[in-house]
Number of protein chains: 2
Amino acid sequence: MSEKITIYDIAKKLNITAATVSRALNNNPKIKESTRELVIKTAASMNYKQNKLALALKSGRSNNIGVIVPRIDSNFFASVIRGIEEELQPHGYQVIICQTHEDLKRESENLYTLIDAQVDGILMSVTAVSIENDSAFHNVLEKNVPLIFFDRSKHIDGVSSVTINDFKGGYIATKHLIAEGCRCIAHLSGDQSLEIFKNRFLGYKQALLDSGLTFKEEYVVPVKSMVEAGKEAVDILLKLDTPPDAIFSSSDFAALGAIQELKERNISIPQDFCVAGFSNEPFTKFMELSITSVDQSPLEMGKMSARVFLEQVDKTETIKIEKKVVLAPELHIRKSSSRTTS
Amino acid sequence: MSEKITIYDIAKKLNITAATVSRALNNNPKIKESTRELVIKTAASMNYKQNKLALALKSGRSNNIGVIVPRIDSNFFASVIRGIEEELQPHGYQVIICQTHEDLKRESENLYTLIDAQVDGILMSVTAVSIENDSAFHNVLEKNVPLIFFDRSKHIDGVSSVTINDFKGGYIATKHLIAEGCRCIAHLSGDQSLEIFKNRFLGYKQALLDSGLTFKEEYVVPVKSMVEAGKEAVDILLKLDTPPDAIFSSSDFAALGAIQELKERNISIPQDFCVAGFSNEPFTKFMELSITSVDQSPLEMGKMSARVFLEQVDKTETIKIEKKVVLAPELHIRKSSSRTTS
DNA sequence: AATAATCATGTAATCGATTACACGAAAATA
DNA sequence: TATTTTCGTGTAATCGATTACATGATTATT
């Protein structure tokens, strides 16, 4: 039943004041060396532990940072969080996790909750773009708490971001499919109100145009990031007058669904149809028919976000720092689109 | 540049004391109704937010709970954390995440860090069993902070746990392989100093004995939870005088590696060889040759752990509550072991 | 030796909220 | 009317650590 030891307990034992104890423990140069040693030794023997809450109240800094993601049980977000945690742990920060489940209301709630909890910064991937709930973001900025978006970003003055070049990701994936001989390439697109999906789409479109292929609106199918959605998309696409011979999907899960549906219809991959996904989820590599996918280097993204936070925290300057880091996407070519090598 | 509003600011504005403001906001019945309304209205208009750090210091409760896992970027642990977060969020608790990376030293460090941060409870999956570092656990218990193990547990007085019945998991998986006609069943085992792996092994062994099959030491191959380890294990097993005709793996990743290696050697699955894994990782379902696996209901495990925590927190009784919750494993039978239905 | 400078430590305010106790005013009782 | 309750609010301590300022003791300077 260990009582909580405070600096007052140490002070009483040594017949000095708490102020002296505090100074000794904080290596204040004004303290006599002998006193410092005595205090440190006594503190250790009494098993003293600094109360971080008291420190936090006094300093106004909790040494906690908040991370908000749509959900944690996706390899991408979990990996980003891993990166954040690894980068921040050595600096004494603890990571507080919140999930939005793609719900705007919960996103706002989480933002307010984290500010209430006096976090020193917030790193997040936004849920969706909407003009209404901007007040939650501005509330964060007004409190001078660094706010950093990763992956899913939105334009707000004073907010830094760490993203990948989604345009380029869409571009290189599509270019690759073209290089493999595909000429009618469809696109499974996520919610284009989110920049990441908008940009992947634009990259896809540009690749077509740069290669002299015509862009067809009907080849673009909106999907949720789910296996079932990919199946349905294939169903729609194959009913077209000129069905496509390849799919660039903005989601690995939808890509997987597409492949399953194509196989169901006895269409050979990659001979008759090529597929590329996005995110490089672990399963894309594991499949017997492994899936080509664009890697977003989530670990690096997490670490980078953490570093941007560290740069911004403690900067008392009122000048809003706004840093935009853009990481390069990397295409992992696998069986689902390898005609030349297979 | 919004200044931080405190109850003193509200008090000054209304010419009353902070104590009255505090009482009004906390629905203290001693406050005149008109005063309460006025305070609440004023607080709202001034955009007052309670400082949780001050509250935490005063009450000794941070409303944060710590979660320690080997790593977060595994579907299993991420799902458990999701469950914990969902269950605790409505109660006003924030979840702080720490990773051990299977390192005993980091495990101890994390425990001390969380206690320093004044968390109200710690939910964790232990890294490995070792007698030396028990002091970190006892330090938690001495501070009267509820400690709950999930999945990977170890025997410490006063610690509750939420696990699945790993013995049964190993048992039903093995029984299933036997029912499919397999007679020489090998086992890929994780570190048996961890109870979960020990129990899966014991379940496997018991199933063999109950079915009149002989247990062979040479059929048990220790593996890490990695694809490569599964390949190597198959290499070893096929060199035996009597090679096995099935594998029950304590890891899905090792099971996947095993399957890849078996295919490489043109052994047909499930006709000539059956495989079952453990954890029900998402990819086991996604494969063309989907993998039979034992589900650990991680979401439920997380929620249950959170509930056990809620039961224990605030119980000021010195009597150590020790609750052991054991969830039932569920076998998901898939192609890698379905001779009868395929 | 007298004065100034330096050093080590103590005193007390502060961070923001809660709460035991005190106290005056109003209401209830005798 | 005098006395006791009740009610609403104020006073001040508390949680644990930090730190500006004050102070007394040494040491350095002339």
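Mentor: Begin with a definition: the expected span of a helix is 1.5 Å times one less than its number of residues. The model is predicted, and everything below is read from that model.

Trainee: What span does helix H3 of chain B reach from its first C-alpha to its last?
Mentor: H3(B) covers residues 33-45, which makes 13 residues. At 1.5 Å a residue, 18 Å is expected. The helix comes close to that, with a reach of 18 Å.

Trainee: Which residue just after H3(B) takes a positive phi?
Mentor: The angle is about 60°. The residue that takes this phi just after H3(B) is B:Asn47.

Trainee: How many residues does chain A give to its contact with chain B, and which element of chain A gives the largest share?
Mentor: The contact takes 37 residues from chain A and 37 residues from chain B. On the side of chain A, the elements that give two or more residues are helix H4 (52-59), H5, strand S2 (94-99) and helix H12 (282-286). That side divides into 18 nonpolar, nine polar and ten charged residues. The largest share, six residues, comes from H5(A).

Trainee: How do H4(A) and H4(B) cross, left-handed or right-handed?
Mentor: The axes of H4(A) and H4(B) (residues 52-59) come within 9 Å and cross at roughly 145°. Leu53, Ala54, Ala56 and Leu57 of chain A meet B:Leu53, B:Ala54, B:Ala56 and B:Leu57. The crossing is left-handed.

Trainee: Which residue in S2(B) is the bridge partner of A:Val95?
Mentor: S2(A) and S2(B), the latter spanning residues 94-99, are joined by three bridges. The two strands run antiparallel. Across this pairing, the partner of A:Val95 is B:Ile97.

Trainee: Which strands stand at the edges of the twelve-strand sheet, and why is one side of each left without a neighbour?
Mentor: The sheet is open, with mixed pairing, in the order S11(A)-S5(A)-S4(A)-S3(A)-S1(A)-S2(A)-S2(B)-S1(B)-S3(B)-S4(B)-S5(B)-S11(B). The twist averages 20° from one strand to the next. An edge strand has a single partner strand, so one side of it is left without a neighbour in the sheet. The strands in that position, each at residues 324-327, are S11 of chain A and S11 of chain B.

Trainee: Which residue in S2(B) stands opposite B:Ile68?
Mentor: Strand S1 (residues 64-69) of chain B pairs with S2(B) in the parallel sense, over six bridges. Opposite B:Ile68 stands B:Cys98.

Trainee: What angle does the direction of helix H13 of chain B make with that of S5(B)?
Mentor: H13(B), residues 298-312, packs on the sheet. The helix touches S1, S3 (122-124), S4 (147-150), S5 (160-164) and S11 of chain B. Its direction makes with that of S5(B) an angle of about 165°.

Trainee: Is A:Gly83 buried or exposed?
Mentor: A:Gly83 lies in H5(A), residues 75-88. Beyond its neighbours within four places in sequence, its contacts include A:Pro298, A:Met301 and A:Ala306. The C-alpha atoms of A:Gly83 and A:Ala306 are 8.0 Å apart, although 223 residues separate them along the chain. With 23 other C-beta atoms within 10 Å, where the cut-off is 20 or more, A:Gly83 is buried.

Trainee: Which residue in S8(A) is the bridge partner of A:Ala186?
Mentor: The open sheet of six strands in chain A has the order S7-S6-S8-S9-S10-S12, with mixed pairing. Within that order, four bridges join S6 (residues 185-189) to S8 (residues 246-249), and the two run parallel. The partner of A:Ala186 is A:Ile247.

Trainee: At what angle does helix H11 of chain A run to S9(A)?
Mentor: H11(A), residues 252-264, lies across S6, S8, S9 (274-279) and S10 (292-295) of chain A. To S9(A) the helix runs at about 160°.

Trainee: How far apart are the axes of H8(A) and H9(A)?
Mentor: H8(A) (residues 166-179) passes H9(A) (residues 195-210) in a right-handed crossing. The contact has nine nonpolar, six polar and four charged residues. The helices pack at an angle of about 40°, and the distance between their axes is 7 Å.

Conventions
Residues numbered from 1 in each chain as written. Chains lettered and ligands numbered in written order. Predicted model: local features only at pLDDT ≥ 70, side-chain atom pairs only at ≥ 80, totals over all residues. Axes fitted to C-alpha atoms, helices over the stretch in contact; angles between N-to-C directions. Left-handed = near helix turned anticlockwise from the far one by under 90°. Nonpolar A, V, L, I, M, F, W, Y, C, P; charged D, E, K, R; others polar. Pairing = 2+ DSSP bridges. Contact = placed C-beta atoms within 7 Å. Buried ≥ 20, exposed ≤ 12 C-beta atoms within 10 Å, placed from the backbone.
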